Amino acid sequence: MHGERGMVSAVATTAAARAAAVAQQIKNMMRHKGQAVGVGEDAFFTDEIEINDYPQYARYKMTQKQVVGDIEERYDCTITTKGAFIPAGRKVKDGQRKLWLLIE
């Protein structure tokens, strides 16, 4: 039983590290991308990040209500999950889009 606990802990640590790496990747992408909408005090930035091909745990964390709420509150933004998850090897149907986040 003690060995199982260590294994679960190692898996959780690995998943957390992968999620942190994805978060850093998103942060880097946001730094170099985005589009200004509006002018003056009414201006805001909007960006889209495709998360469909990220590891399952990272997709889960980036779409989890509490996580999204914390990010929105901390950074005064809105995050909307859009699209549909398309497994690797499947083609995207006409009018369909892979899973992505709209950040405003």
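**A threonine and its setting**

Tutor: At 3.5 Å, the backbone oxygen of I103 is reached by the side chain of T46. This is a polar contact, that is, a pair of N or O atoms within 3.5 Å; within protein, one must be able to donate a hydrogen and the other to accept it, and residues adjacent in sequence count only if both atoms are side-chain atoms. The model is predicted, so local features need pLDDT of at least 70 and side-chain atom pairs pLDDT 80 or more, while totals for chains, interfaces and linings use all residues. Numbering starts from 1 along each chain as its sequence is written, and side-chain values use heavy atoms, with hydrogens and water left out.

T46 belongs to strand β2, residues 44-50. Strands (E, at least two residues) and helices (H or I, at least four) are DSSP runs numbered from the N terminus. T46 counts as buried because its relative accessibility is 18%; buried means under 20% relative accessible area, exposed over 50%, and partly exposed in between (1.4 Å probe, protein chains only). Buried residues account for 20% of the 104 residues in the protein.

In soluble globular proteins, nonpolar side chains tend to be buried together.

Helix α2 covers residues 56-63, and its buried residues are A58, R59 and M62. They line one face of the helix, because seen down the axis they fall within an arc of 100°, the arc being that of the directions from the helix axis to the C-beta atoms.

For contrast, D76 lies in the loop between α3 (65-75) and β3 (79-82). D76 is exposed, at a relative accessible area of 71%, and has a positive phi of about 50° although it is not a glycine. Most residues other than glycine have a negative phi.

As for confidence, pLDDT (the predictor's confidence in each residue, from 0 to 100) averages 80 over the protein, and 68% of the residues score at least 70. Confidence is highest in β3, at 94, and lowest in helix α1 (residues 2-32), at a mean of 63.
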